[in-house]
Amino acid sequence: MARGRNGTYDSEAFLKSFDLLRDMTNLKDAGTMDKTDPQSVQQRIEDYFQICIQNGTRPLVSGFATMLGLRRKELLQVLAGQKNMGFAAEAIDVVQYYYNLLEVSWDYAMNNGGIDRVCGIFLGKNNFGYADQQEVIHVDNRASTPALSMDELAKQIASLPPKELESE
């Protein structure tokens, strides 16, 4: 069962997941989608969103990919232009538009308490390419030390005790 926000099991969410899977299976069985036809692709995506609305669930990137006949990783490769998986360029534009809507939905949920923060960060990194960034500032301390002239350097070397000049 799915755990709720308070750590207890949420049987309602668990049962909704079965309803969603049932409806997604029914949509898949309803007919094939023509990957070369942008309208066919758009209809399949809108049908998936409608299923999510009817079941009271958020659309997921993995569910979105599944409805397109892809795995999540394949969807991301299509969107990155690395593969086309049989989709026409115009159909990929449609997929990109609706994928952007998924990101907007995720962003909204993150900013309005609609999703657990830890889970949301994980989803953002895995589904939308977000990454933690660290800023590293390099400071060259030598730049603030005045350079010695050749004569000054020779004087400093000459003033060193002989033991320090020996190499080990």
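Residues are numbered from 1 along each chain as its sequence is written, and side-chain values use heavy atoms, with hydrogens and water left out. Because this is a predicted model, local features need pLDDT of at least 70 and side-chain atom pairs count only at pLDDT 80 or more, whereas totals for chains, interfaces and linings use all residues.

**Exercise 1. The chain as a whole**

Task: State how many helices and strands the chain holds, in what order the elements run, and what share of the residues is buried.

Solution: Helices (H or I, at least four residues) and strands (E, at least two) are taken as DSSP runs, numbered from the N terminus. On that basis the chain has 8 helices and 2 strands, and from the N terminus on the order is β-β-α-α-α-α-α-α-α-α. For burial, a residue is buried under 20% relative accessible area, exposed over 50% and partly exposed in between, with a 1.4 Å probe and protein chains only; buried residues make up 26% of the 168 residues. Contact means heavy atoms within 4.5 Å, and of the contacts with a separation of 6 or more, 50% are between residues 24 or more positions apart.

**Exercise 2. Helix 2 against helix 5**

Task: Determine how helix 2 and helix 5 are oriented to each other, and which residues make their contact.

Solution: Two packed helices are described by the angle between their axes and the distance between the axes. Axes are lines fitted to C-alpha atoms, for helices over the stretch in contact, and angles run from 0 to 180 degrees between N-to-C directions. The axes of helix 2 (residues 38-55) and helix 5 (residues 89-111) come within 8 Å and cross at roughly 25°. Angles under 35 degrees count as roughly parallel, over 145 as roughly antiparallel, 65 to 115 as roughly perpendicular and the rest as oblique, and helix 2 and helix 5 are therefore roughly parallel. Helix 2 contributes Pro38, Val41, Gln42, Ile45, Glu46 and Phe49 to the contact, and helix 5 contributes Glu90, Ala91, Val94, Val95, Tyr98 and Leu102. As to residue classes, Ala, Val, Leu, Ile, Met, Phe, Trp, Tyr, Cys and Pro count as nonpolar, Asp, Glu, Lys and Arg as charged, and the others, Gly among them, as polar; this contact divides into 9 nonpolar, 1 polar and 2 charged residues.

**Exercise 3. Helix 4 against helix 5**

Task: Find the orientation of helix 4 to helix 5, and the residues through which they meet.

Solution: Helix 4 (residues 72-79) packs on helix 5 at an angle of about 115°, with the axes 10 Å apart, and the two helices are therefore roughly perpendicular. Leu75, Leu76, Val78 and Leu79 of helix 4 are in contact with Ile92, Val95, Gln96 and Tyr99 of helix 5. These residues comprise 7 nonpolar, 1 polar and no charged.

**Exercise 4. Helix 6 and Asn127**

Solution: From helix 5, Tyr99, Leu102, Glu103, Trp106, Met110 and Asn111 meet Arg117, Gly120, Ile121, Leu123, Gly124, Asn127 and Phe128 of helix 6. The residues of this contact are 7 nonpolar, 4 polar and 2 charged. Asn127 belongs to helix 6 (residues 117-128) and is buried, at a relative accessible area of 10%.
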